[in-house]
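Welcome! Take a moment to look over the sequence and the model below, and then let us walk through them together.

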Amino acid sequence: GYAVRNNRPQMPQPAMPMGGGAAGSMPMGGAGNVSGGAPAGSAGQTIQQIYVPGDKIGAVIGRRGETINEIRRATSARVDIQDSGPGAKQRLIIITGGYDQVRSAYYMIKNKVDMARPAAHP
């Protein structure tokens, strides 16, 4: 045993909590047994995906993230907004949590999208 063994326990720690974006978000992590994949229902986890038009995503996020943070606070659901690829017309939002939390967050987001004024395209 030499220095390699020392490094191993520290590797997973910094990587986990900093789950900003697709890499750290739950549904994408196919390797883990709990994260992502349909049979997560046993843990009481519901995963809901919504596509939001790019011109309305601002209404969901809000100024400096206020709206999305309010939805997170009010519902206690995990709400991840995925980065869209270049030229994408829609943004994917993934909501994770208990069934009621996810349902509440879904309707709050849907409501924001419906209330958002469409972008001024001729």
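## A word before we start

Two residues are said to be in contact when heavy atoms of theirs lie within 4.5 Å.

## The overall plan

The protein has five helices and three strands. Starting at the N terminus, the elements follow the order α-α-β-α-α-β-β-α. Of the 122 residues, 27% are buried. The exposed surface comes to about 8,600 Å², and carbon and sulfur atoms supply 54% of it.

The mean pLDDT of the protein is 74, and 61% of the residues score at least 70. Which elements mark the two ends of the confidence scale? Helix H2 (residues 12-15) has the lowest confidence, with a mean of 42, while H4 has the highest, at 97.

Over residues 1-42, pLDDT stays under 50, and the model has 22 contacts beyond four places in sequence for this stretch. Where pLDDT is low, the predicted coordinates should not be read in detail.

## The nonpolar core

The largest nonpolar core holds 15 residues, and those that touch the most other members are Val 52, Val 60, Val 79, Ile 93, Ile 95, Ala 105 and Ile 109. Several elements share in building this core: strand E1 (46-53), H3, H4, E2, strand E3 (90-97) and H5 each supply at least two residues. H5 gives the most, with four residues.

Is Val 79 buried or exposed? Its relative accessible area is 0%, so Val 79 is buried. Residues up to four places away in sequence aside, Val 79 touches Ile 68, Ile 71, Arg 72, Ile 93, Ile 94, Ile 95, Ala 105 and Ile 109.

## Helix H4 and its buried side

Which residues of helix H4 (residues 66-75) are buried? They are Thr 67, Ile 68, Ile 71 and Thr 75. These residues lie on the same side of H4, because they cover an arc of only 100° around the axis. The cover over them includes helix H3 (57-61), strand E2 (78-81) and helix H5 (99-115).

Now zoom in on Thr 75, which belongs to helix H4. With a relative accessibility of 7%, Thr 75 falls under the 20% cut-off, so it counts as buried. A polar atom of the Thr 75 side chain lies 2.7 Å from the backbone oxygen of Ile 71. Apart from neighbours within four places in sequence, Thr 75 is in contact with Gln 101, Ser 104, Ala 105 and Met 108.

## The loops on either side of H4

Arg 64 is in the loop between H3 and H4, and it is exposed, with a relative accessible area of 74%. Gly 62 lies in the loop between H3 and H4 too, and is partly exposed at a relative accessible area of 21%. Gly 62 and Lys 112 are 50 residues apart in sequence, while their C-alpha atoms are 9.7 Å apart in space.

Just after H4 comes Ser 76, with a positive phi of about 60°. This is again a positive value in a residue other than glycine. Ser 76 is found in the loop between H4 and E2. At 51% relative accessibility, Ser 76 is over the 50% cut-off, so it counts as exposed.

Terms used: Residues numbered from 1 in each chain as written. Predicted model: local features only at pLDDT ≥ 70, side-chain atom pairs only at ≥ 80, totals over all residues. Heavy atoms only, no water. Buried < 20%, exposed > 50% of the residue type's maximum accessible area, 1.4 Å probe, protein only. Areas by Shrake-Rupley, 256 points an atom, 1.4 Å probe, with all protein chains shown as cover. Arc of directions from axis to C-beta. Polar contact = N/O pair within 3.5 Å; in protein donor to acceptor, adjacent residues only side chain to side chain. pLDDT = per-residue confidence, 0-100. Core = buried A, V, L, I, M, F, W, Y, C linked by side-chain atoms within 4.5 Å.
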